[in-house]
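User: I'd like to go through this protein before setting anything up. Can you take me through it?

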Amino acid sequence: MGARVERAVQKRQVLFLCVFLGVSWAGAEPLRYFVAEETDRGTFLANLANDLGLGVRELSARGSRIVSDQNIRFLLLNPLTGDLLLNEKLDREELCGPTEPCVLPFQLLLEKPFQIFRAELWVRDINDNSPVFLDREIPLEIPESTTPGAAFLLESAQDSDVGTNNLRNYTISSNAYFHINVHHSGEGNIYPELILDRVLDREVVSELSLTLTALDGGSPPRSGTALVRILVLDINDNVPEFVQSLYKVQVPENSPVGSLVVAVSARDLDTGSNGEIVYAFFYATERILKTFQINSTSGNIQLKAELNYEEIQTYTLTIQAKDGGGFSGKCTVVVHVTDINDNPPELLMSSLTSPIAENSAKTVVAVFRIRDKDSGNNAKMVCSIQDDLPFVLKPSVENFYTLVTESPLDRESQAEYNITITVSDLGTPRLKTQHNITVLVSDVNDNAPAFTQTSYTLFVRENNSPALHIGSVSATDRDAGANAQVTYSLLPPQDPHLPLAALVSINADNGQLFALRALDYEALQALEFRVGATDRGSPALSSQALVRVLVLDANDNSPFVLYPLQNGSAPCTELVPRAAEPGYLVSKVVAVDGDSGQNAWLSYQLLKATEPGLFGVWAHNGEVRTARLLSERDAAKHRLVVLVKDNGEPPLSASVTLHVLLVDGFSQPYLPLPEAAADPAQADPLTVYLVIALASVSSLFLFSVLAFIAVRLCRRGRAASLGGCSVPEGHFPGHLVDVSGTGTLSQSYQYEVCLKGGSGSNEFKFLKPILSNLQSQSMGREVEEHPSFQNDLGF
């Protein structure tokens with residue numbers, strides 16, 4: 001920050017130095033160059049580089065040019081050599097008129113750095129114009145009574161040249177009566193006066209024709225002639241006399257045509273025609289005749305055309321009062337044209353720089369000059385721009401101004417400035433001129449791409465097709481052009497073991513993301529990585545955004561039955577006592593699903609049963625229970641097929657087969673029901689015999705035990721009641737019926753049994769189990785493999 005401030009201070013010092021040098025040079029005496037009018041185009045005038053002490057290369061490198069107030073490009077500067085050449089032939093009379101000397105000011109403008117040198121081109125007059133009389137014949141009437149020595153003012157010739165080449169003398173042709181006397185006016189003009197040398201005699205000479213010759217001072221001199229025709233009149237001895245010999249009036253330049261300028265008045269003591277006065281302009285110039293008119297009778301002078309202070313400030317009129325006898329008197333009317341504020345200021349643009357790079361400070365945008373053709377306060381000017389712009393106007397010399405940036409520009413805030421330069425004069429009323437310029441701001445890469453979101457969450461369903469479009473990221477850059485062109489890329493993942501390049505790709509041009517291969521929800525539920533957006537500026541800028549890809553589960557896993565096992569080994573048989581109540585828990589089917597959500601919601605239903613309506617399956621937990629009371633007519637063996645179905649779309653299912661054996665008591669031996677023995681008639685006879693024998697032995701043993709127990713109980717005085725069974729303390733210690741290795745869910749149950757008093761039969765009443773333990777190792781292993789389903793195993 002300190003270095004930046006220091007550079008800014010240095011730039012400001014350099015700018016002030018350049019302005020100071022420009023002012024000092026501008027304040028010096030201007031360079032003067034001389035050339036004769038009608039000099040050929042391309043004539044060498046001077047070498048500006050030598051005159052200013054500048055190198056030719058420096059003159060060219062600093063952006064030199066010639067500027068002037070005139071819209072005529074009369075000079076040509078060769079920037080390679082520094083030679084100042086004449087660009088066209090000059091006519092001094094057209095450029096300056098009667099003004100002498102004829103000075104054409106111009107300026108040498110250097111832009112880098114800004115500096116101005118004043119110079120002047122003096123145009124010398126050559127004798128290229130001859131004196132001209134407006135009238136080729138000058139009539140003159142002279143009374144015969146005129147005394148010798150009388151002077152008669154004649155028409156003066158006009159010569160456009162100046163100095164020594166201007167009108168210098170008059171001569172008259174040789175005669176016996178007159179000679180010429182040259183009269184000099186206070187304004188530098190000469191007028192010829194015809195002087196009478198001897199008395200005229202009309203009876204001798206009634207008319208004279210003399211040749212008046214006007215000579216200029218050129219070398220060789222030029223001349224012009226006019227014929228003076230003199231008529232000798234009878235006696236008229238009084239000459240008209242004006243009340244004032246000099247009239248001075250001031251007329252505003254905006255006076256309307258026809259307005260009165262001044263009224264002149266003359267008197268003549270003669271009577272009759274010799275006393276009648278007629279007023280007229282005396283040999284007025286063509287410009288005067290176009291601008292003014294005089295009433296020959298009243299002497300009122302009126303405007304014939306509009307006045308323009310900027311062209312002519314003063315008119316000098318000679319008014320002649322002539323009586324009927326031919327005598328005349330003259331007076332002078334000086335008309336001063338006063339300036340009014342009728343010219344708005346002008347703005348001349350010298351240079352304009354656009355576009356300007358943003359973030360640049362103190363940059364010269366435009367160089368221009370202002371002027372006003374009025375005078376006095378009407379020509380004083382002030383220059384300004386809008387207040388809400390980061391630009392400032394700095395005045396220089398010769399009414400030059402520079403438009404400079406006041407602070408660094410920001411293209412992203414505003415890419416274009418419409419600047420109105422207002423130039424107002426101080427006249428009444430004030431006039432102003434407005435000049436509009438447009439400054440464009442070029443872009444600099446100062447803005448990094450910005451993502452529309454700091455993080456993106458995308459969803460893709462598993463088992464997708466490769467190269468699947470899964471979503472897009474988007475970033476914008478406030479810059480323009482190449483600085484705003486954004487390229488997207490995947491950033492290296494934080495986990496080095498994550499094969500991001502093999503899973504996801506991104507389109508570098510539009511930010512579209514694609515899954516390169518099929519995803520498996522059961523293997524990968526979410527993927528998190530970062531993407532980068534980089535512009536093409538120099539240096540390039542970039543930004544990052546987080547992308548989360550969530551894999552959605554698809555129903556691609558069928559339910560898996562954990563219990564009962566279906567591994568092709570001996571089938572699982574559940575023992576159910578015939579005395580079981582309705583709702584008796586026979587078994588519980590436990591299944592899991594590798595999917596998630598509703599795809600893992602499992603429902604159970606009884607697909608097939610040996611005897612429909614005897615068993616039922618709870619749809620939500622898979623419990624197989626008795627649906628009604630069992631009877632002796634019910635078959636002993638039952639085969640149940642339970643269907644497990646998930647809630648996916650489409651739903652997937654699995655089935656499991658349960659074998660149920662109805663027994664009268666838990667002492668009845670377990671009779672396996674192989675899956676292949678679908679028809680009892682087809683069973684092996686040897687197996688049937690073994691089962692019958694085993695059942696008979698077991699029945700006899702059970703009957704003996706029951707008889708022994710009944711005898712002991714009778715000796716106790718029939719302690720047992722109808723509602724229950726009372727076992728005296730110390731009797732049947734530990735005599736519990738143990739059913740292990742078979743039954744529902746592979747659990748070991750111990751039942752407390754007693755003989756039902758008054759039954760009259762060997763019938764047992766099954767009471768609540770004393771202890772139940774989960775001993776199925778296979779079940780334990782499956783639960784350990786699927787810990788999320790441990791809660792489903794509570795029966």
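Analyst: We can start with confidence and overall make-up, then go to individual residues.

User: What is the mean pLDDT of the protein?
Analyst: This is a predicted model, and its mean pLDDT is 79. A pLDDT of 70 or more is reached by 81% of the residues.

User: Which residues have pLDDT under 50?
Analyst: Residues 1–27 stay under 50, and the model has 18 contacts for them beyond four places in sequence. Residues 667–683 are also below 50, with 26 contacts beyond near neighbours in sequence. Where pLDDT is low, the predicted coordinates should not be read in detail.

User: Ok. What does the secondary structure come to?
Analyst: The protein has 8 helices and 52 strands. Of the contacts with a separation of 6 or more, 66% are between residues 24 or more positions apart.

User: And how many of the residues count as buried?
Analyst: The figure is 39% of the 795 residues. The accessible surface is about 42500 Å², with 52% of that belonging to carbon and sulfur atoms.

User: Switching to charges. How many salt bridges does the count come to?
Analyst: The count is 15 salt bridges. One of them joins arginine 229 and glutamate 207, whose closest N and O atoms are 2.9 Å apart. Arginine 229 is in strand S14 and glutamate 207 is in strand S13, so the pair ties together parts that are 22 residues apart in sequence.

User: Which residues are linked in a network of salt bridges?
Analyst: Glu29, Arg32 and Glu120 are linked in one.

User: I also want glutamate 611. Where is it found?
Analyst: Glutamate 611 is in the loop between S45 and strand S46 (615–617). Glutamate 611 is partly exposed, at a relative accessible area of 23%.

User: What is it in contact with, leaving aside neighbours within four places in sequence?
Analyst: Glutamate 611 is in contact with Arg628, Asp634, Ala635 and His638. The C-alpha atoms of glutamate 611 and aspartate 634 are 8.2 Å apart, for residues 23 apart in sequence. With arginine 628, glutamate 611 makes a salt bridge of 2.8 Å, N to O. Arginine 628 sits in the loop between strand S47 (623–626) and strand S48 (637–646), and glutamate 611 in the loop between S45 and S46, so the pair ties together parts that are 17 residues apart in sequence. Arginine 628 is partly exposed, at 29% relative accessibility.

User: Backbone next. Where are there cis peptide bonds?
Analyst: One joins serine 354 and proline 355, with omega about 5°. Another joins serine 538 and proline 539, with omega about 0°. Proline 355 is in the loop between strand S24 (346–352) and strand S25 (356–357), and proline 539 is in the loop between strand S39 (526–535) and strand S40 (542–552).

User: Which residues other than glycine have a positive phi?
Analyst: Among them are tyrosine 283, with phi of about 45°, and asparagine 463, with phi near 65°. Most residues other than glycine have a negative phi, and most peptide bonds are trans. Tyrosine 283 is in the loop between strand S19 (278–281) and helix H5 (286–291), while asparagine 463 is in the loop between strand S33 (455–461) and strand S34 (468–472). Tyrosine 283 counts as partly exposed at 24% relative accessibility, and asparagine 463 counts as partly exposed at 44%.

User: Last one: what does the side chain of serine 255 reach?
Analyst: The serine 255 side chain reaches the backbone oxygen of proline 252 at 2.8 Å. Serine 255 is buried, with a relative accessible area of 11%.

Methods:
Residues are numbered from 1 along each chain as its sequence is written. This is a predicted model: local features need pLDDT of at least 70, side-chain atom pairs count only at pLDDT 80 or more; totals for chains, interfaces and linings use all residues. Side-chain values use heavy atoms; hydrogens and water are left out. pLDDT is the predictor's confidence in each residue, from 0 to 100. Contact means heavy atoms within 4.5 Å. Helices (H or I, at least four residues) and strands (E, at least two) are DSSP runs, numbered from the N terminus. Buried means under 20% relative accessible area, exposed over 50%, partly exposed in between (1.4 Å probe, protein chains only). Accessible areas come from the Shrake-Rupley method with a 1.4 Å probe; for residues, only the protein chains shown count as cover. A polar contact is a pair of N or O atoms within 3.5 Å; within protein, one must be able to donate a hydrogen and the other to accept it, and residues adjacent in sequence count only if both atoms are side-chain atoms. A salt bridge is a side-chain nitrogen of Lys or Arg within 4 Å of a carboxyl oxygen of Asp or Glu.
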